Amino acid sequence: FGSTEGHLKAVTEKLNKEGKPTALLQLNYIYPLQRNVKQILLRYKRVVVCELNSGQLATYLRSQIEGLHLEQINKTTAQPFEIEEIISQL
């Protein structure tokens, strides 16, 4: 949501340019969860949730989508993500 969107789009573009197929799913709302989110997320081998908190969205997605295995990148320092910071954790 919000402040992470631009950084995540930049990460996605950079990784795709480097030949590393990457997609981005930006949720407009989470309750109720959009109809096709489950089908979209379960289609991928690797799902990474980046949050500027301790992981509330990742926890919520796990509770709503059975069988979803995801990785988390969390930052709780009240500072925005840096593009290279995200890439280095992938």
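This is a predicted model: local features need pLDDT of at least 70, side-chain atom pairs count only at pLDDT 80 or more; totals for chains, interfaces and linings use all residues.
Ground rules first. Residues are numbered from 1 along each chain as its sequence is written, and side-chain values use heavy atoms, with hydrogens and water left out. Local features need pLDDT of at least 70 and side-chain atom pairs pLDDT 80 or more, while totals for chains, interfaces and linings use all residues.

Start with helix α1, residues 5–17. Helices here are DSSP runs of H or I, at least four residues, and strands are runs of E, at least two, numbered from the N terminus.

Which residues of α1 are buried? Leu8, Val11, Thr12 and Leu15. Buried means under 20% relative accessible area, exposed over 50%, partly exposed in between, with a 1.4 Å probe and protein chains only. Down the axis of α1, the buried residues fall within an arc of 100 degrees, so they line one face. The arc is taken from directions from the helix axis to the C-beta atoms. These buried residues pack against β1 and α4 (83–88), contact being heavy atoms within 4.5 Å.

Now glutamate 5, in α1. Glutamate 5 counts as partly exposed because its relative accessibility is 26%. Its C-alpha atom is 9.9 Å from that of leucine 27, 22 residues apart along the chain.

After α1 comes glycine 19, with a positive phi near 85 degrees.
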